[in-house]
Every structure is written in C-alpha cells, then in structure tokens.
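Try each task before you read its solution.

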Amino acid sequence: MSTRAEFLRRIRAELARTPALFPATPSLRPAHPREVADTIRRELSERWPATLQRFQQEFERVGGVLHRVATVQEVPSVVGRLARERDARDVLTWHPSALGFDPARGLADEKLTCRTMPEAVPDAAARRALRDTIATTPLGLTGVDVALAETGTMILRSGPGRPRSTSLLPATHVAVFDRTALVESLAQVAVLLEAWHADEASGAVINFITGPSRTADIELTLTRGVHGPKDVHAIFVERPLRE
Amino acid sequence: MSEAELATPFRDRAGRALQDGFLQQALTIATTKFLELRREAFGEFPEGDALRDRARAIKEATLQRLDHYLEQLVDNVERLGGHVHFATTPDDARRIILDIAKRTGTRMAVKSKSMATEEIHLNEALEAAGVTPVETDLGEYIIQLAHERPSHIIAPAIHKTKGQVADLFARELNRPNVPADPEVLTAIARAELREKFLQADMGITGANFAVADAGTVVLVTNEGNGRMVTTLPRVHVAVMGVEKVVPSMTDLAVFLAILAKSATGQKLSVYTTLVRGPRKPEELEGPDEFHLVLLDNGRIAQLGGTLREALYCLRCGACLNVCPVYRSIGGHAYGYTYPGPIGILLTAMLNGAASVKDLAHASSLCGACADACPVRIDIPRMLIELRKEVDEKKIAPWSERVVFTLVAWLLRHPALFRLAAPLARVFQRPFARGGRIERLPLFFGEWTRTRDLPAVAARTFSERWAALEREGR
Ligand code: SF4
C-alpha cells in the first residue's frame, strides 16, 4: 500500500519530465469572497422580479411548480392544499430558526401534523427514531439558501435544524424562499460557494436540486421520482421572510 | 465483461454486436437523442465555447501542479474529519476498502454509479469478503441483477428492452405479473432500493470532482442515489482517480456549467452534492466516517506520457454518442470498463498499450469526438500515437508489418510504383467487384475481413495525367 509521500514523489518525478501541454492557469478567485458576495446580493436585490421570472421559467422546464404568495402567513394553506391532493396528513419541516418562520400553527389549522426537526442533536436512539419519521413522512417542507435562475436550481445547505434528507426521502418536496435567495448565474453561485467554504461553521453537505428526481434508464423513457422526490414545489413569498 | 469473453477477439465481439438488431436500434435512438439534447443545450448557451476553453485550461493547469493540489485536497479533507487513502493499484484500492468494511462491521454496501469502482472490480471483491454490494443507479441495478456490464457511461442499460427488464424483475425479485412499463418498473426499483439504502452500513461513490482548497467531494446524479448513499449509511467511501481534483469552487462552477449539457443536454443534472467530510457534531444526519480513496492505476505514469491529455476527461459520454464506431457496436464490444474513443485511451492507460492492439484501430479518426468533447481532448491525435506505439512494439501481426513496409518502400520509389500498377491490375482481377476489393486470400484475408480496399484503377492518376499532357500539346 502506498503512502502519501511516495504518491507525491512519483507525481513530482513525472511532472519534472513533462513540459506543460500549453500555458494555463486556474480561474481567478475573488480575494475577499464575502465582500463580493455582499455586493452581488445588493445589486441583485434591485432586479429581483426579472430574476424570479427567469427562475420560474427554468424551474418549470425541469418539472418544478412555483407558487407565489404575498406573505408567509399564506404558506400553510398552499402546503395544506398540496397535502390534501396527495392524501398526506403529516408534514416534515425544518426547524423555525432555519426556515425563517414557524409554520406549526398554520399547518395545524390545515389539519396537518407538523413534525419539526430539532435544532439540537438528540441521542443516538432518538436520532434513529427521527430517521424513521423522515423516511415515512410523505411531504417535506424546507427553506432555500439560493434559488439559481439560470438553471431553475434550489441550493440547500445542511446544518442544525435543517437535516439533508427532508428534501430527499419524502415523495413531495416543498421549498419556501423570498427575494433574498434569488441569484442569476452559476458564476454568482461560485462566489457564494467561495464565501461559504471560508466559513468553517458551515454544514457537511450542500445540495443543488434541479427539479424532481429522474431517470431515463429504461428505454430512455423519462420517469420521475426514482429515488428522490417525484414532486418538487417552490413557494415564493413576496414579503421577505426575515423582516 | 468476463475474462472468457475478453479472450474472444475484438472483431468477433464487434461482429456479434452488429448482428444484434435490438442493440443496434437502441444504440441509434439513444446516441441520437443525447446528441440532439446536447446540441440544443449548447445552442441556447452562447458562452459555452469560451467556457469549454476555460475548462480545458483549468484541467491542464491542475495537472501542471497536481502534487500541490492533491496535497491541498488531502490536508483539507483531513481537517474536515475525513480520512484519505492512497491506492497505486486496483488491488491496493480493494484492500483499503475491504479493511474499512471489516473494521466497521459492514455487511451491505450501497453504491452510486462510479466508473472508478468498476475499474477496480470492487463488487467481486466485496462479495468474496462477505459484503453484499448493491448498485443503486437504476441502469446499474438492472445490469447487476442481470449479471452483465454497463454498455454506456451515462445509460448503462440501454441495450435492454423494457420487456427484458420486466422479466428480470419478475425472476430476480420474485414478483409476479410485472408489466413492461418503465413507470411501474421504476416504482418497483424505488421500493426495493429504498429498503437497501436504509439497511446498508456503507455507501460507496465515485467523485465527479474534488475541490482542493475546500476539501470537498462533488457528486452529480439525476436519480438522487448519490444523495442517499452519502446520507443514510454509517460510513461513506469515495473512490476517485487522482486527476479529478480541481483547484477551487470558482473552477468547479465552470465544469458544472458544461458537464450536464454535454452528457444529457440538461443545464444541470438534478442533484449536485458537495460533500465536506463526515457528519458534523451539530447535525442530525450523515455518515460517522468519511474516507477518500485516491486511485493511481496507471494515471500518474501518463502525466509524463503520450496519454496525458486523456486525464482531462470528465466522463460525460459525448464522444461515445458522436462516434460512428461506438454507434454501430455499442459499449460491450470494446471489452473493457471504459468504452468508446476515450475508452480506448483509458484502457491503454490502465492496462498498457498492448491491451488495445486491436482497439487502437477501432476508430475512423473522423475527429467527431474531439469536436464534441467539452474539454476538447484531441482523442484522434492520441489514437494515432497509440497505433504507432503498438506498431513499434511489434504488437501488430507480422504479416501486416511486412506488407506495410513493402508498400512504404514502393511509395518511395516512383519508377517501381509505376511498374507495380499494371501488375496489381492483373493480380486483383479475381478479387475486385465494382471497383472494390472485399476479400483477399492468405494472410491478407485478416486485414480485408473488416475493411474494403479500393481496386487499383483501370488507369492510374499518373497515367491519366501523362495522357492529358500529351493531348494538351
Ligand atoms: S473524452 Fe471528452 S467527450 Fe469523451 S467522455 Fe471524456 S470529457 Fe466527455
């Protein structure tokens, strides 16, 4: 079995006898990604309606459904309708601190049982029980860190109160966001990624989600919901969530 | 493909594929569809060409300082609580993974699609060690149930009909009355595999990229199995060729912008998952252990070799879809893990030039692959160099070498060449049909079995030229 030193020594030996195929440099990274990210967000906040329109167009193209509401109070009724259409009685949700609002009351009014993810990590037995809950609940309600218009993608970071499988195991995923999540391009996302990874506290996983889970592995017939959600919905809230 | 099948010559494997009517049709439909979708995706994306140049430059820049970026990657993965292993040979890689399996008491491992684990024949080794490997990409799952090998990098089961899949599920999963309906078949696989995801101890993945300065491994899937296997089992093992490292998140975004467009014509695949080590203490889910296995297997030697450029490859499959040879014979006929034009180069990299002495000629050098490649890999150039290498090492049959040497000598001696033409016209008479020679006797027969030769013309060009000059005067 090789060691790190031996591996690197062989690579260096090979590189020493190989001139470059052509002169090349990697991409120029922002020196202060956080400041650049803030600037981008500020500029974007002025043209969010156009960005939302583009997001909607691309999101629908990949099979997502966008709902638009004025305030966060209207979110539970949209979720309630989606749940009733699917005979679902239980809803998983991120912790209110991660979601930016507390949907429990409103969901109760819709006659739904709200299973809220804890912010603090419980012991191993409770974690196993929670996993079973997540695996058997038909609908998952999450927030969105970035809604990428160019591709209709929702980007979700894992972390306390925002377990990654809430957007994966339920057959229906509903995600809520406001104008502050909208960005236009992958290039802008790159800056955000640079800023996030400079931040030691960020979670273990970042997921880009572009529509429902899909496959074309049998005779190239497009089929949805092979492992992840079959239905993906986004609820855009006009009044910012954290005002 | 089994050793026994590899023992049959490439010609015979290709011949069999050409006679398989369904395979032929499936290949045409699949590759044509991928091509169309790819064209559309890039058609709507004017910055695509510039980004391809950028991506190519990033790959070359990374290779130029591969030691530096790998060190950075290793340090950052370890800082985030992961473990890194170094595997020079497939045997090293298998042993590393089996050790982890043994230490963690792993009985079942769920896998998301990974060419690197195919390359090291991991499933056989796991089975032998008493660990059940379960492929979870739908296409791979079908192939595994059928005990076959993938035929396309992106669509591993395109050679199977829905009827065959239904029969397979009925037989292997003990389910009566399985209809030949992709929707139903997918639902069955979802239910079967959901159980496995929840039971498995270990998740095994490849890596599409690894970001050096973020210690982050990146997985791209459409089905969500990549997310499942990195979320639910206790242990996550990622196996990755050393060339997959990219310097930064800024570089990663460039590749994400072109990878899915080249592969399936999507703007992005459904799921792109960035994994930064094992579960954090403050998080509810994720594996307790994260292992990254860095695989050499012939790659490092090519940093200074003729196949260096093949190390840029993103495994998108675009060069397969445009290749006239691949489109006719499919993936199985190539006989190794990696099919298609890039597959020939990768096979030579992994198994040595001698392993591709037939395959090196399984290309018309038309250049379509290089045009389609998102990082503009000059595949034809390397194929020619590989052919030269194969010939220099005297790996080509002696008869071919003798004849080619003779022809080369004739071409260098115009007087003799002029004499040879009328002679050839006499000798070719029994073999030429409609201006073509399809079969020659003796050892020439081998060469013409798969090629047609134009017959020597009734009047050669130089004879006609001489005649014209006479008339002109
Ligand atoms: S060689 Fe280029 S086109 Fe072929 S699989 Fe690799 S990246 Fe794709």
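**Exercise 1.** Which backbone oxygen does the side chain of Thr137(A) reach, and at what distance?

*Solution.* First, some ground rules: this is a predicted model, where local features need pLDDT of at least 70 and side-chain atom pairs count only at pLDDT 80 or more, while totals for chains, interfaces and linings use all residues. Residues are numbered from 1 along each chain as its sequence is written, chains are lettered from A and ligands numbered from 1 in the order in which they are written, and side-chain values use heavy atoms, with hydrogens and water left out.

Step 1: go to the loop between α7 (124-136) and β4 (139-143) of chain A, where Thr137(A) sits. Helices here are DSSP runs of H or I with at least four residues, strands are runs of E with at least two, and both are numbered from the N terminus.

Step 2: look for the oxygen; the side chain gets to the backbone oxygen of Thr133(A), at 2.6 Å.

Step 3: check the surroundings. Thr137(A) has a relative accessible area of 3%, which makes it buried (under 20% relative accessible area; exposed is over 50%, partly exposed in between, with a 1.4 Å probe and protein chains only). Setting aside neighbours within four places in sequence, its contacts (heavy atoms within 4.5 Å) are Asp90(A), Val91(A), Leu92(A), Arg115(A) and Pro170(A).

**Exercise 2.** Describe how chain B meets chain A.

*Solution.* Step 1: count residues. On the chain B side 106 residues are in contact with 84 residues of chain A.

Step 1: get the area. About 8,100 Å² is buried between the two chains, 56% of it from carbon and sulfur atoms (buried area is the accessible area, 1.4 Å probe, that two parts lose on being put together, summed over both). Phe86(B), Arg227(B) and Leu284(B) supply 10% of what chain B buries there, more than any other three residues.

Step 2: look at charges. The rule finds 10 salt bridges across this interface (a side-chain nitrogen of Lys or Arg within 4 Å of a carboxyl oxygen of Asp or Glu). One of them joins Asp213(B) to Arg29(A), with the closest N and O atoms 2.6 Å apart.

**Exercise 3.** Is Pro341(B) buried or exposed, and what does it touch?

*Solution.* Step 1: find Pro341(B) in helix α17 (residues 340-351) of chain B.

Step 1: read off its relative accessibility, 3%, so Pro341(B) counts as buried.

Step 2: list partners. Not counting residues up to four places away in sequence, Pro341(B) touches Cys319(B), Leu320(B), Cys323(B), Tyr334(B), Cys369(B) and Ile379(B).

Terms used:
Polar contact = N/O pair within 3.5 Å; in protein donor to acceptor, adjacent residues only side chain to side chain.
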